[in-house]
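Subject: A structure for you to look at

Hello,

Here is the structure I promised to pass on. Please open it beside this message, and then read on for what turned up in it.

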Amino acid sequence: MAEQRDFIDSVVSVNRVTKVTKGGKRFSFSAFVVTGDQKGRIGIGLGKSREVSSAIAKATTRARKNMITVPLRDTTIPYNVRGKHGATHVHINSASKGTGVIAGGAVRAVMEALGVKDVLAKSVGSSRCGQNVVKATLNALAKCRSASHLAELRGKTVAQIVKE
């Protein structure tokens with residue numbers, strides 16, 4: 001149970017969908033949720049149900065099952081990255097301490113769940129669809145590598161790679 005309290009859940013969108021049958025209309029809901037532990041782990045989930053609360057609960061469970069780890073550098077990301085999903089492009093720039101999270105709605109939800117405190121982000125293109133913006137953001141964050149991983153790939157030490 002202590003593990004449950006560590007997660008930050010953020011509902012990105014709730015859509016009402018309608019199925020038209022011979023007897024009338026059937027309404028159901030789909031919810032898109034971003035969840036993270038504010039320590040570099042983040043996940044997304046989509047849940048569908050006849051009720052909003054159960055759709056959000058399903059999406060939250062799926063998001064917690066499918067989490068990825070993103071390397072962080074203090075309170076920001078290690079370097080500038082760009083991600084793409086569909087027609088949406090997201091540019092994420094690392095920022096100095098005290099800058100804050102300067103990002104739009106869906107990107108802000110991802111950064112807060114991830115635990116990033118200082119970042120500059122811009123979504124370009126079709127940025128009205130929250131799901132595509134979140135997926136483009138995760139695409140960009142998945143490209144990040146830690147300094148130790150890069151040092152291992154290059155056959156160097158971390159001190160040789162990181163300039164301070």
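This is a predicted model: local features need pLDDT of at least 70, side-chain atom pairs count only at pLDDT 80 or more; totals for chains, interfaces and linings use all residues.

Let's begin with strands E1 and E2, which run antiparallel and are joined by 13 bridges. Strands and helices here are DSSP runs numbered from the N terminus (E, at least two residues, for strands; H or I, at least four, for helices), and two strands pair if DSSP finds at least two bridges between them. E1 and E2 make a hairpin, with two residues between them.

Residues are numbered from 1 along each chain as its sequence is written, and side-chain values use heavy atoms, leaving out hydrogens and water.

E4 pairs with E3 (residues 41-49) in the antiparallel sense over three bridges, and here Gly43 stands opposite Met67 of E4. Back in strand E2 (residues 24-36) you will find Ala31. Ala31 is buried, with a relative accessible area of 0%; buried means under 20%, exposed over 50%, and partly exposed in between (1.4 Å probe, protein chains only). The C-alpha atoms of Ala31 and Arg16 are 8.9 Å apart, and the two residues are 15 apart along the chain.

**Two loop residues with positive phi**

Most residues other than glycine have a negative phi, which makes the next pair worth a look. Gln38, in the loop between E2 and E3, has a positive phi near 60° and is partly exposed at 38% relative accessible area. Asp74 sits in the loop between E4 and strand E5 (81-85); its phi is positive too, about 55°, and Asp74 is exposed at 73%.

**Helix H3**

Is helix H3 (residues 105-114) largely enclosed or largely open? Seven of its ten residues are buried, so the rest of the structure largely encloses H3. Ala106, Val107 and Met111 are among the buried ones. Just after H3 comes Gly115, with a positive phi of about 100°.

**Pocket and cysteines**

The largest pocket has a volume of about 230 Å³. A pocket is found on a 1 Å grid over the protein atoms alone, as an open set of points where a 1.4 Å probe fits, with protein on both sides within 12 Å along at least five of seven lines; lining residues have an atom within 4 Å of a point. Twelve residues line this pocket, and Arg73, Pro78, Tyr79, Ala147 and Val162 lie nearest its centre.

Finally, how many disulfides does the structure hold? It holds zero, a disulfide being a pair of cysteine sulfur atoms within 2.5 Å. Cys144 is buried at 3% relative accessible area, whereas Cys129 is partly exposed at 34%.

Happy exploring!

Note on methods:
Grid points are joined across faces, edges and corners, and a volume is the space filled by probe spheres set on the points.
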